[in-house]
Amino acid sequence: MSPNAFIGRPDSPTEEDITDVLGPARPLWDQLVAGLEALGAGDREWNSYSAKAGWALRLKHNGRNIVYLSPSAGRFLASFAMGDRAVEAARSSDLPATVINLINGSRRYVEGTAVRIEVMGADDVATVMKLAAIKLTH
């Protein structure tokens with residue numbers, strides 16, 4: 001996985017910063033954020049729990065964290081904490097086998113199973129949208 005582009009930065013990134021870092025991946029970012037808003041995960045908040053971790057855009061629904069988007073050079077990371085019901089729903093969904101294998105191999109924490117998808121293309125956006133829809137309904 002690519003490192004967060006905003007490690008060590010004291011303030012949240014601006015829209016210009018995001019554009020500069022993402023470069024050609026910026027349209028994917030915008031498409032995903034708009035799609036997540038359409039699903040109901042439109043509450044946005046920049047978050048950094050540590051200077052060593054960098055900044056991530058947290059998208060929420062009714063106060064519930066749905067996904068974190070972490071910018072990297074030319075790509076970004078979508079991170080989920082999936083509960084048990086959401087994990088089971090994802091396993092029985094039409095997600096690609098590679099994603100199911102990723103979920104099966106992901107570490108489980110108190111908050112849920114950590115699922116991280118590196119977004120570099122339209123297929124990745126579709127995968128993140130499916131996972132977000134699953135999380136929203138479970």
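These are my notebook entries on a predicted model, taken up by region.

**Entry 1: the core**

I began with the nonpolar core. The largest one has 37 residues, and Leu69 and Leu131 have the most contacts inside it. Helix H5, residues 122-137, gives the most to this core, with 6 residues.

I then looked up what Leu131 touches, leaving aside neighbours within four places in sequence. The list is Phe80, Met82, Ala90, Leu95, Val99, Ile103, Val115 and Ile117. Two residues of that list, Val99 and Ile103, come up again in helix H4, where they are buried.

**Entry 2: helix H1**

Which residues of H1 are buried? In this helix, residues 15-22, they are Asp17, Ile18 and Leu22. Viewed down the axis of H1, the buried residues fall within an arc of 115°, so they line one face of the helix. The general rule I had in mind is that an α-helix has 3.6 residues a turn, so residues three or four places apart point the same way.

The face of H1 turned away from the buried side carries Glu16 and Asp20, both exposed. I also checked what the buried residues of H1 pack against: helix H2 (26-39), strand S1 (43-47), strand S3 (64-72) and strand S4 (75-82). After H1 comes Gly23, which has a positive phi, near 55°.

In the segment before H1 I looked up Asp11. Asp11 has a relative accessible area of 52%, so it counts as exposed, the cut-off being over 50%.

**Entry 3: helix H4**

I repeated the check on H4, residues 97-104. Its buried residues are Val99, Ile100 and Ile103. Down the axis of H4 they fall within an arc of 100°, so here too I wrote that the buried residues line one face of the helix. On the face of H4 turned away from the buried side I found the exposed residues Ala97, Thr98 and Asn101. The cover over the buried residues of H4 includes helix H3 (84-91), S6 and H5.

**Entry 4: the largest pocket**

How much space lies in the largest pocket? I have it as about 650 Å³. Its lining has 26 residues, and those nearest its centre are Tyr49, Tyr68, Ser70, Ser79 and Arg116. S3, S4 and strand S6 (112-119) are the elements that give two or more residues to this lining. S3 gives the most, with 5 residues. By class I noted 12 nonpolar, 11 polar and 3 charged residues in the lining of the largest pocket.

**Entry 5: the second largest pocket**

The second largest pocket holds about 170 Å³ of space. I found 14 residues lining this pocket, with Pro96, Val99, Asp123, Asp124 and Thr127 nearest its centre. Val99 is also one of the buried residues of H4.

Which element supplies the largest share of this lining? H5 does, with 5 residues. H4, S6 and H5 each supply at least two residues. By class, the lining of the second largest pocket has 7 nonpolar, 2 polar and 5 charged residues.

**Entry 6: two single residues**

Asn62 sits in the loop between strand S2 (56-61) and S3. I looked it up for its backbone: Asn62 has a positive phi of about 50°, and it is not a glycine. For reference, most residues other than glycine have a negative phi. Is Asn62 buried or exposed? At 69% relative accessibility Asn62 counts as exposed.

Ala81 is in strand S4. I have Ala81 as partly exposed because its relative accessible area is 28%, and that class runs between the 20% and 50% cut-offs. Leaving aside neighbours within four places in sequence, Ala81 is in contact with Glu111, Gly112, Thr113 and Lys135. Lastly I took the C-alpha to C-alpha separation of Ala81 and Leu32, which is 18 Å for two residues 49 apart in sequence.

Notes:
Residues are numbered from 1 along each chain as its sequence is written. This is a predicted model: local features need pLDDT of at least 70, side-chain atom pairs count only at pLDDT 80 or more; totals for chains, interfaces and linings use all residues. Side-chain values use heavy atoms; hydrogens and water are left out. A nonpolar core is a set of buried Ala, Val, Leu, Ile, Met, Phe, Trp, Tyr and Cys residues joined through side-chain atoms within 4.5 Å. Buried means under 20% relative accessible area, exposed over 50%, partly exposed in between (1.4 Å probe, protein chains only). Helices (H or I, at least four residues) and strands (E, at least two) are DSSP runs, numbered from the N terminus. Contact means heavy atoms within 4.5 Å. The arc is that of the directions from the helix axis to the C-beta atoms. On a 1 Å grid over the protein atoms alone, a cavity is a set of points where a 1.4 Å probe fits but cannot get out, and a pocket is an open set with protein on both sides within 12 Å along at least five of seven lines; lining residues have an atom within 4 Å of a point. Grid points are joined across faces, edges and corners, and a volume is the space filled by probe spheres set on the points. Ala, Val, Leu, Ile, Met, Phe, Trp, Tyr, Cys and Pro count as nonpolar, Asp, Glu, Lys and Arg as charged, and the others, Gly among them, as polar.
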